[in-house]
Amino acid sequence: MSLLEVVDYSLAFDGFEGTHQVLDAIDLAVDVGETVGLVGETGCGKSVLAKSLLKLNDIPPARILSGSIRFDGRDLLALDETALRAIRGGGIAMIFQDPMTFLNPVFSIGDQMAEVIRARDRADNRKRGARDVRAAAAALLAAVRLPDAAALLDRYPHELSGGMRQRVLIAMALAGHARLLVADEPTTALDVTIQSQVLALLADLVAAQGLTLLLISHDLGVIGALCRRIVVMYAGTIVEDAPAAQLFDRPLHPYTQGLLAAVPDIGRPERRLAGIPGSIPNLLAPPAGCRFHPRCPLAIERCRRERPALRRIAAGQRVACHLAEPV
Amino acid sequence: MARFLLSRLGLTILMLAGLVLITFVISNVAPADPAALAAGPDATRDMVETVRKEYGLDRPLPEQFVRYVGGLLAGNFGRSVATGHMVAEDLARFFPATFELVSVSMTLAILLGVPLGMLAAVRRNHWLDHATRVIAVSGVALPAFWFGLLLQLLFAVQLGLVPTSGRLEVGTPPPPVLTNMYLVDALVAGQLDTFWDAFGHAVLPAIVLAFPCLASIIRVNRAEMIEVLGSDYVLAARAHGVARARVVGVLALRNAMLPTVALIGLRYGWMLGGTVLVETVFDWPGIGLYAVSSAIAADFKPIMGVTLLVGLNFMFANLLVDLAYAGLDPRLRTAP
Amino acid sequence: MTVASPDVAARLARLRVEHAGAIRQARLFVWTFARSASAMVGLVLVLAFLVLAAGGPSIVPYPDDATGAMNLAARLQPPSGAHWFGTDEMGNDILTRVVVGTRTSLWVGLIITGVAALIGVPLGVAAGYLGGAVRQVIMRVTDVFLSVPGLVLAIAIVAALGSGVLNGVIALSLVWWPGYVRLIEAKTLTIKHEPFVEAARAVGASRRRILFIHLLPNCFSPLIVKMSMDMGLAILAAASLGFIGLGAKPPAPEWGAMISVARTYMPTWWWYAFFPGLFIYLTVLGFNLFGDGLRDVLDPRASRS
C-alpha cells in the first residue's frame with residue numbers, strides 16, 4: 001500500500017478576476033521508502049500541492065474541487081484540526097524554501113525548537129520538563145550537524161547564516177519522527193556551496209532514518225541528486241512521472257523534453273541551450289485540452305480539444321500526452 | 001545599547017530646547033499686553049508700567065528669553081499674571097490628577113484593546129469582528145466632549161450609577177497627600193471608601209479618554225495579527241503541528257505586539273492632549289483644565305508651562321517605548 | 001443618445017485596447033472600494049455632507065435662525081414636527097443651525113488640511129530627496145512640533161492670537177503640517193531607493209525629471225488618503241476649540257460652539273447638545289471611513305494602523 005495517495009485532486013483559488021484553476025486532477029502515489037522529486041516551473045502549483053498534503057491552504061480563498069488525499073490509509077481531507085495536528089510534524093513533516101522568513105524573528109532558536117517539541121509531546125500524550133525539552137532540542141540540532149548546538153539554542157534567527165537557519169528548520173521537521181518528509185525548494189535560497197551541503201545532509205538523513213522523501217524543486221539538478229523517481233508538473237497538472245534514470249534518458253512528454261533541453265551541461269559547452277517558446281498559461285482560463293498545447297511543437301488538433309489522461313506507457317513511466325507511444 | 005540610549009537622550013534634550021523656543025516665540029506674538037492684563041482693567045498707565053518692570057516685561061526679548069530659560073533650569077516656570085501663583089506650584093498640584101486619569105485610561109485601553117484586536121483577527125468576519133470594528137471606527141470619530149456629555153446623561157443622570165463630575169464627593173475629604181493621585185493615596189492610607197469614591201469619579205472620564213486609544217490599539221493589533229498569521233513562520237509552526245491557540249496566543253502575539261507598543265507611546269501623548277477636553281467636561285482639576293482656563297485669560301506662563309510639561313512627558317514616554325521595543329525585538333538588541 | 005458612427009466605435013475600441021491596463025486598474029479600484037461596506041458608508045456620508053454644505057442656507061426651514069434671530073416664545077422646545085431637532089435658548093431651530101454649520105466645518109477642515117499639506121509636502125520632499133543637513137534640520141524641527149499633542153500647541157497659539165474661527169484655523173494649520181513632512185519624507189526615502197529610480201538615475205535622468213516623474217506621483221496616493229482622513233480630524237479639532245471657548249463664538253452656527261453653550265442646558269434640554277455632536281460624529285466618521293476605503297484601494301500595502 002502507498003504511504004501517500006493523492007487521487008483526482010483539484011484545487012482552485014477565488015480572486016478578483018475569477019477562479020484560478022491551480023491544481024487539476026492530480027494523481028500521485030508515493031510508496032514507503034521512495035524518494036520522489038516534484039519538478040516544474042514557478043507557478044505550476046507544486047508548492048500549493050505540498051501545502052495541500054497538510055491542509056495548510058487557507059479555505060477560502062482556496063477551494064477543493066474534487067479528489068482525496070490519503071496518508072497511511074487515512075483520508076486527510078476528512079480529519080479535524082486536532083487529528084491533523086498529530087499528522088502535521090508527526091506523520092508528514094515539512095521543510096520550507098526561505099529559511100529566513102520561516103523562522104520567527106523575535107524568538108530564540110531554543111524557544112522555537114521547544115515549541116515544536118512540546119507540540120509533538122502533546123500529540124503523543126507525553127510530558128517532559130524544560131530541561132529535557134532543551135536537551136532534545138540540542139540533540140536535534142546536533143543531528144543536523146550544527147556545531148555547538150547548546151549555545152545555538154540561545155541565539156536568534158538573524159544571528160545565523162542561511163545555511164544554519166535551513167538546518168534549524170530541518171531539525172524542527174525531524175522532531176516528530178515523521179515518516180514522510182516534504183521539502184519545498186529547501187536549497188533555492190542558499191548559496192551553491194551551502195546547497196550541496198544541505199542536500200548531502202538530507203540524503204544522509206533519508207538513508208539513515210528510512211524516510212520517505214517528496215522533494216519539490218524547479219532545479220532538475222537538485223532533484224536528480226536526491227530522487228529515484230521524478231514527477232513533472234506543468235500548469236497545475238502532472239505531465240510525466242518516471243524513474244529518474246528513465247526520465248533523463250528517454251523523456252516522453254514534450255514539456256519534459258523541453259525542460260531537459262534547457263538545462264545547461266557543463267560537460268558539453270558546445271551544445272546549444274533550447275528554451276521552451278511561450279510562457280506559462282493564465283490559470284484563470286487555462287487552455288482547453290492539453291494545457292501545454294499552445295507551447296507544444298508537436299501539438300495536433302486532438303491536443304486542443306481533448307485532455308490527455310496520465311497513461312502508463314512503460315514500466316513505471318506515466319505520461320499525459322496523446323502522442324506518446326507505448327515502448 | 002548604552003550608546004543608543006545616550007543618543008536618544010541627547011536628542012530629547014535638543015527637542016526640549018526647541019520646544020522652549022517655540023513656546024517662547026508663540027507667547028510673544030500675542031497682540032494682548034500681559035502687563036495690562038496683570039494690572040487689572042482699572043489700572044492707570046503708571047501702575048501698568050510698574051507691573052511691567054516687576055515681571056521683567058520691559059527687558060529686550062533675548063534677555064527675557066535667557067531669563068526664562070535660566071528660570072526653567074532652576075525649576076521656575078514663572079508666575080501666572082492672572083492669579084499671581086507660581087506656575088511650578090500649580091503644575092505640581094494639577095499634574096497628578098491628570099496623570100492619574102491618563103494612567104487609568106491607558107490601562108483600560110490596553111487591557112481591552114489587545115485581546116479585542118486579537119480576537120477580531122482570529123475570528124475575521126465573525127460578529128465579534130464586526131462589533132469591534134464599530135468601536136475601532138467610531139473611537140476616532142467620536143468628539144470626546146460630546147461623548148462625555150452623553151455618558152454623563154446616561155450613566156450619571158439617568159441611571160445614577162456614577163457621579164457626574166469632579167474627583168470626589170463634596171463631603172469626602174481627600175486622602176492624606178502623598179502623590180496627589182487620590183487612587184494611590186487612598187490605597188496607601190488604607191481608606192477604601194475614599195478609593196472607591198475616587199474610582200467612581202474616574203470611571204466616566206477614563207472611558208471617554210480611553211476610547212480613541214482603544215480604537216487605534218484594536219485596529220493596529222488586528223491588522224498586525226492578520227499579517228503575522230499570514231506569515232511564513234506561522235505557516236511553519238502550523239506545519240509542525242503547533243496548536244492554533246499557541247500559535248496565536250504565544251508565537252504571533254509577540255510579533256503583533258511590536259507596533260502596538262510603538263502605538264501606545266504615541267497615544268500617550270494624544271491622551272495628554274485629550275485631557276484638555278475631558279477635564280473640561282468632567283471638571284477634573286488637572287493640567288488640561290488649567291491650560292484651558294489660562295488660555296481663555298490669555299495668561300501665558302501657565303500655558304507655556306503646561307506645553308513644556310506635556311512635551312517632556314511625551315518625550316519620556318517615547319524613550320520608555322524605545323526601551324520596551326528593544327526588549328521585545330532581539331534584532332534591535334544586537335544592532336550596533 | 002445617437003447611434004455612434006462606426007468611426008467613433010472603432011476609435012473607442014482602439015482606446016479600450018490601448019488603455020486596457022488603466023481600465024483594468026480603474027475597475028480594480030471600484031471593485032475593491034465597492035466591496036467594502038464601510039467605505040461605501042463613508043462615501044455616502046461625505047457626499048451627504050457636501051450636499052448639505054452646498055445647499056445649506058437655501059434648504060433649511062428657518063434660514064434667519066442661522067445668524068441668531070430671537071424667538072423667545074419658542075425657546076428650548078424638544079424635537080417636534082416643526083423643529084425636528086428642537087430649539088435652543090434663543091428659540092432658534094437647531095436643525096437649521098446645524099445644517100448651516102456644515103459649510104463652516106467643511107471649509108475649516110479643507111483649509112487646515114490644505115495649508116498643512118502645502119507646508120508639509122515641499123518640506124517632506126526636500127528632506128527626503130536632498131538628505132544631509134537639510135534633512136536633519138527639517139526633521140528635527142518636525143520632531144519638536146510632534147513632541148507636543150497638536151491640540152495643546154494649538155491652544156497655546158490661539159491664546160496668543162486671541163480666540164475666533166480664523167485664529168483657530170491658523171493655529172490648527174500651524175500644528176498640522178509636521179505629519180505631512182513625516183509621511184512624504186518616509187515615502188520619498190523609500191521611492192528614492194526603488195530599483196526604477198536607481199535605474200532612471202543610472203541612465204542619466206535629471207534631478208527634476210526624477211522628482212516630477214517618479215517621486216511626486218508616487219507620493220500622491222498616501223497623500224490623498226491622509227488628507228481625506230485628516231479632513232475629519234481637523235473638523236473635530238476645530239469643533240474642540242469651539243467647545244472650550246477658543247474657536248468660533250456663539251451665535252455663529254458652529255458645532256463645537258453650539259455644544260459649548262448647550263452644555264449648560266444639560267441634562268434637561270439634551271437635544272441642544274445632542275444634534276450638533278451627532279453631526280460632528282457623522283462627518284468625522286464619514287471622512288474616516290472614506291479615507292480608509294481609499295487606502296485599501298490606492299495604497300494597499302499601508303492598509304494598517
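Author: A note on charge comes first: Lys and Arg count as positive and Asp and Glu as negative, while His and the chain ends are not counted. On that count, chain A has 36 positive and 36 negative side chains. The centres of the two sets lie 2 Å apart. Bear in mind that this is a predicted model.

Now the part itself. Take strand 3 of chain A, residues 35–39. The strand is mostly covered, with five of its five residues buried. Look at which way they point. A:T35, A:G37 and A:V39 point one way. A:V36 and A:L38 point the other way. Residues on both sides are buried.

Next, the partners. Strands of a sheet pair through backbone hydrogen bonds, either parallel or antiparallel. Strand 3 of chain A pairs in the parallel sense with strand 8 of chain A, residues 212–217. Five bridges join these two. Within strand 8 of chain A, A:L215 is the bridge partner of A:G37. Strand 3 of chain A also pairs with strand 9 of chain A, residues 229–234. This pairing is parallel too, over four bridges. Here A:L38 stands opposite A:V231.

A:R229 has a relative accessibility of 13%, so it counts as buried; the cut-off for that is under 20%. Set aside its neighbours within four places in sequence, and A:R229 still has contacts in several stretches of the chain. Among them are A:T35, A:V36 and A:G37, which belong to strand 3 of chain A. A:E34 is on the list as well.

For contrast, turn to an antiparallel sheet. Four strands of chain A form an open sheet in the order 2-1-4-5. Strand 2 (18–30) and strand 5 (74–75) of chain A stand at the edges. Each has a single partner strand, so one side of each is left without a neighbour in the sheet. Strand 1 of chain A, residues 4–15, is joined to strand 2 of chain A by nine bridges. In that pair, A:Y9 stands opposite A:I26.

Two loop residues deserve a check of the backbone. A:R145 is not a glycine, yet its phi is positive, at about 60°. A:R145 sits in the loop between helix 4 (130–143) and helix 5 (149–152) of chain A. Its relative accessible area is 44%, so A:R145 is partly exposed. A:E185 also has a positive phi, near 45°. The place of A:E185 is the loop between strand 7 (180–184) and helix 7 (192–209) of chain A. At 6% relative accessibility, A:E185 counts as buried.

Finally, the whole chain. Chain A holds eleven helices and twelve strands. Its radius of gyration is 21 Å, close to the 20 Å that the globule rule gives for 327 residues, so chain A is as compact as a globular protein of that length. The C-alpha trace spans about 65 × 50 × 40 Å along its principal axes. Buried residues make up 53% of the chain.

How values were computed:
Residues are numbered from 1 along each chain as its sequence is written. Chains are lettered from A and ligands numbered from 1 in the order in which they are written. This is a predicted model: local features need pLDDT of at least 70, side-chain atom pairs count only at pLDDT 80 or more; totals for chains, interfaces and linings use all residues. Side-chain values use heavy atoms; hydrogens and water are left out. Buried means under 20% relative accessible area, exposed over 50%, partly exposed in between (1.4 Å probe, protein chains only). Two strands pair if DSSP finds at least two bridges between them. The radius of gyration is taken over C-alpha atoms; the globule rule is 2.2 Å times the number of residues to the power 0.38. The place of a charge is taken as NZ of Lys, CZ of Arg, CG of Asp or CD of Glu. Contact means heavy atoms within 4.5 Å.
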